[in-house]
Every structure is written in C-alpha cells, then in structure tokens.
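Open the model in your viewer and keep the selection tool at hand. The stops below are meant to be taken in order.

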Amino acid sequence: MSEQDWVQLMTIVLMSVIFFITYHSTTFAPRHTLYGVFVGDAEWPTDRLNRLHRQFRWSLLWVLIMLMVFSVAATPWLASVHVSFVSAPLILQWVLYSLIYVRTHSSAKRLLADLPTKPTPSTVRHVDLAFLQWKIKWQVIFTRLHSLPALVTVSLFGYMVVHYPKVPEQIPTHWNGLGQIDAYVNKEPFFVFFPLGLPLLLVVLFWLIGRSVFRLRVTLGPGSNRHATSLLLALSIGLLGFSLFLTMFACMSAYSMVTSGDLPRAWLMIELSLLLASLVTVVYYFIQYRRAVNAMPKEVTGTYRVEDDHRYWKWGMFYHNPTDPVLFVEKRDGAGWTVNTGHWKGKLLLMVLFLPVLAIMLLIVLTV
Amino acid sequence: MISIDFSSEKPIYTQLFEQFVLAFARGECPVDSSLPPVRALAAELGVNMHTVNKAYHLLRDAGYVKIDRRHGAIVNPPRTEPAASGLEEWRADIELLVAQSYLQGIPQEQVVKNVIEHYQTFGGVQR
C-alpha cells in the first residue's frame, strides 16, 4: 500500500469518528433533540431507544468496514480509470453516512409518533431588545472590517491585470513548508489569476456570510446571552481571520510571481499563526457555548426558535422556510449550521457551492 | 424583553404591537430611541418582514412612534393630554375590559386597585 492509500484509510476512519461523536452524542446535538427529532422532557422507552442507538452504531461500523475494504481493493482499479476517481471512497462515505443519518432520523420520528405523551416544546419566543441592538452594532463593525480584505484582494487582482505583461515567463505554483518555491509552470493567465481569483471569491463570500453571523438565533433563553455573545464574536473573528489569511496568501503568491522570489518567512509565520488562532478561537467558544446549552436545567426548554419546528425540516437535514428571513440556522443533527433553502440567498449559495462540483464531475466523466 | 407566543390565536403583528406598547410604558424603550430595524427583528423572530412592518405602522398610527426614512421607527414621548380620537377608542376598550372583569367576578376594588398599580409602574405618578 502506498502512502496515499494510508492517508485515505486514515481519513475514512477519522471521518467516521467525527461522524460518530457529533451525531451519536447529545453533547453536540441541539437541546432536547436526538437524531434531529425533538425529544423534550418526554420519557422514551429505554429498550427502543437502545435499539435505535444500536442500529446506528452497527450500520456505521458495517459501512466503515466495507469502505475500508473497498478503498484498499478498488483504489488501483479506480486510479487506472481516471486519477481523480481515487477519492471515490471518500465521496461514497459521505453519501452512505448521510443515508444512515436519514434512516436513524426516520426511526426516531416513528418512535416519537408512538409515544403515549408527546413532548411539548416552548412556543414563546423572547427577544432581548438590548441583545438585538448589540448584534446590530457588531454586525456593522464586522461588515466594515471584512471590507478590508475584500478591498485588498480586489486591488491585487486589478493590479495583476494591469501589470500582467511584466510577470516573468516562469511562475511559481507551489512552495514548501519554508516558503521556498518547489514548482514552476510556464506563464498562462489561468496560473496567474487562479491563486488570486479564488481568495477573492472566498473573501467576498465570507463578507456576505459574516453579515449573516449576527442573524443566527443563538439565544439560550431569557437573560442568558453571555455565551451567545461570545459564540457570535468567535465565529466572526474566525471568519475574519480566515479571510485575512486568504488575503495574505493572495498577496504572497502575487509577490512571489512578480519577483520569482521565495515567500517572506515573517509573512508565512504571521499567516500560519493567524490561521491557528482563528481555528482555536472558534473551537474553544463553540465548546463553551455547547457546554452552556447542555448545562441548562432540564426543565428549561429555552426560548422558541422557528427552526425547532420539524415541519420546516426535510429528512432532518434540509431547512426550508420561505417566511424566515434568516440565511443560516443551527442544524438539527449536530455541530454546525445549514442554509435556509427557502431563502433566495440560500438557493444561490447552494448553487455556487455545488455547480462547480457538478461541472468538475461532468468534465471528468466526459473525458474518461 | 419582548415575548411572542407562536401558538397563540392572536396574529403576530398584534402581539408585537402590544408588546412594544408595554415596553414603551415600562420605559424599556426610552423616548427618542430607535426600534430595532425591521429586517433585524424579523430575523430574530423568524417571521416575514411584512409582519414586523405592519406592527411598526400600527404603532405609528397610534402615535407611539414616528417613522423616519433614515433612522427607522423612533419612540415618541407620551402625550401630555389625550387626543380626542384616541379617547373614544379607549372608552370602548375599557368598557370591554370592565365588562369582562364584571363577568369574571373580579371585585370592583380589585379592578380599581390594579389599574392604579399599573398606572403607577408606568410612570403615571410623575405626571
């Protein structure tokens, strides 16, 4: 087995562990939910609940074993068909695990339907006007801060368009860990503009997402906004940090292209620390937030959120609510947020994310 | 704090109107302060923007806020003397409330006591 095969196997196992932890454990799932179904304070029959957990664990284990065998056995054949087919087991894993989740979600739903006394979620939404004003204030501040990387990447792109003739005939496309150039290509518009265009697109996307962060309905309940505020700030800082990271990356590649020189070591250090700090901040506050949510007394069902209504969810995965003006909502199934497909921006975002993937897959199939 | 019951028969815009009236009277939204922008409040509640807009226009029609193109809805100071048009509506409202109290068997003293208590907590004493 080659080094690449081992990396793939490790990725499959790691993804399984992450999947298991997020979906199986109640630490990450929204309050009072199990496999995307609202449980509330209702008493669930222990035997059926255990059967549900067992069903989930066993399907996960079987799929994992099957995928590992498939990955080891089929990779040489897949590679002989087309080099990009090598990652097929990873895509298959994503699809199969989604199916397992949907199946467990449906079983949990059936279990809920059989309960003699149904859970009663809170139907009252409390809006803290002071907290809302706080969110609006920080939304404005972060929108302004995000315009800095956007401005820099746009100017950089414009600068390269104007100075394209001055770029040397050989341009660097890859650098090692120390920032030294280890691969060159002949100058072509694609190789010059792709490393600048991609960060530009992402920075603009983060600018738009950054605005929506402060629309997240993260209130824990009346009078407990402390963890919600830190989570919103952490997400915004993380997003801004990543945006600045991309901007610096674009600046460094442009610098290296024009001068044919290595990446400045100091810049590289700043960039890496920026990325690390953003990641640590987001993870730390996310865990703090989830802890605060789980530490709430069981009888406090919190404040009503429209996304807690199961009518707006399809397969416990997709949120579709055209009357909800919010773009991002907390997922039913575990860690993270998902887009509202009822919102035109949500549809656009999904298309922007999936169209390139579809286009690439189509191109590969056509060229095989 | 504004509380909206999503399972209530009462429309959300009416609930919003009433909750804001209570918040103004309690002094939770000071005079000349802005109400949250329509978009932000709609997002926070997870309702259509028109719903919030309707509530804000009801507040404006009742004279509790003025709607400014640049600053949004701004809280008006309480009237120093009642408007003739509002007085008629108020008479009808209080008649209904008193009628309900009578039918519910709430003693007259309690009705009067509660009215005075509320009026005083809303800053009626200072005027």
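For the charge count that follows, Lys and Arg are taken as positive and Asp and Glu as negative, while His and the chain ends are left out. Bear in mind throughout that this is a predicted model.

**Stop 1: chain A as a whole**

Select chain A. Its side chains include 30 positive and 19 negative ones, and the centres of these two sets are 7 Å apart. Switch to a cartoon view to find 8 helices and 9 strands. Of the 368 residues in chain A, 45% are buried. Now show the surface: the accessible area of chain A is about 19700 Å², and carbon and sulfur atoms account for 72% of that area. Contacts between residues at least 6 apart in sequence join partners at least 24 apart in 68% of cases.

**Stop 2: the largest nonpolar core**

Which residues have the most contacts inside the largest nonpolar core? Select A:V218, A:L232 and A:F328, which hold that place in a core of 27 residues. Then colour four helices of chain A: α4 (129-162), α5 (189-213), α6 (226-259) and α7 (265-295), each of which supplies at least two residues of this core. The largest share, 8 residues, comes from α6(A).

Centre the view on A:L232. Leaving aside residues up to four places away in sequence, A:L232 touches A:F131, A:W134, A:K135, A:V213, A:F214, A:L216 and A:V218. Another core, of 25 residues, lies apart from the largest one; to find it, select A:W44, A:F56, A:Y101 and A:L111, which are among its members.

**Stop 3: A:V280**

Go to helix α7 of chain A and pick A:V280. Is A:V280 buried or exposed? Its relative accessibility is 52%, so A:V280 counts as exposed, the cut-off for that class being over 50%.

**Stop 4**

Select A:V124, in strand β3 (residues 124-127) of chain A. A relative accessible area of 25% makes A:V124 partly exposed, because this class lies between the 20% and 50% limits. What does A:V124 touch, not counting residues up to four places away in sequence? The answer covers both chains: A:T303 and A:Y304, together with B:S3, B:I4 and B:D5. A:V124 and A:T303 are 179 residues apart along the chain, yet 6.2 Å separates their C-alpha atoms.

Now show strand β3(A) together with β1(B); the two run antiparallel and are joined by 4 bridges. In this pairing, A:V127 stands opposite B:I2. Next, look at the two faces of β1 (residues 2-5) of chain B: B:I2 and B:I4 are on the covered face, B:S3 and B:D5 on the uncovered one. In a regular strand, side chains alternate between the two faces of the sheet.

**Stop 5: a hairpin in chain B**

Stay with chain B and select β2 (residues 65-68) and β3 (residues 72-75), which pair in the antiparallel sense over 4 bridges. How many residues lie between the two strands of this hairpin? There are 3 residues between β2(B) and β3(B). To end the tour, pick B:D68 and look across to B:G72 in β3(B), which stands opposite.

Technical notes:
Residues are numbered from 1 along each chain as its sequence is written. Chains are lettered from A and ligands numbered from 1 in the order in which they are written. This is a predicted model: local features need pLDDT of at least 70, side-chain atom pairs count only at pLDDT 80 or more; totals for chains, interfaces and linings use all residues. Side-chain values use heavy atoms; hydrogens and water are left out. Buried means under 20% relative accessible area, exposed over 50%, partly exposed in between (1.4 Å probe, protein chains only). Contact means heavy atoms within 4.5 Å. Accessible areas come from the Shrake-Rupley method with a 1.4 Å probe; for residues, only the protein chains shown count as cover. The place of a charge is taken as NZ of Lys, CZ of Arg, CG of Asp or CD of Glu. A nonpolar core is a set of buried Ala, Val, Leu, Ile, Met, Phe, Trp, Tyr and Cys residues joined through side-chain atoms within 4.5 Å. Two strands pair if DSSP finds at least two bridges between them.
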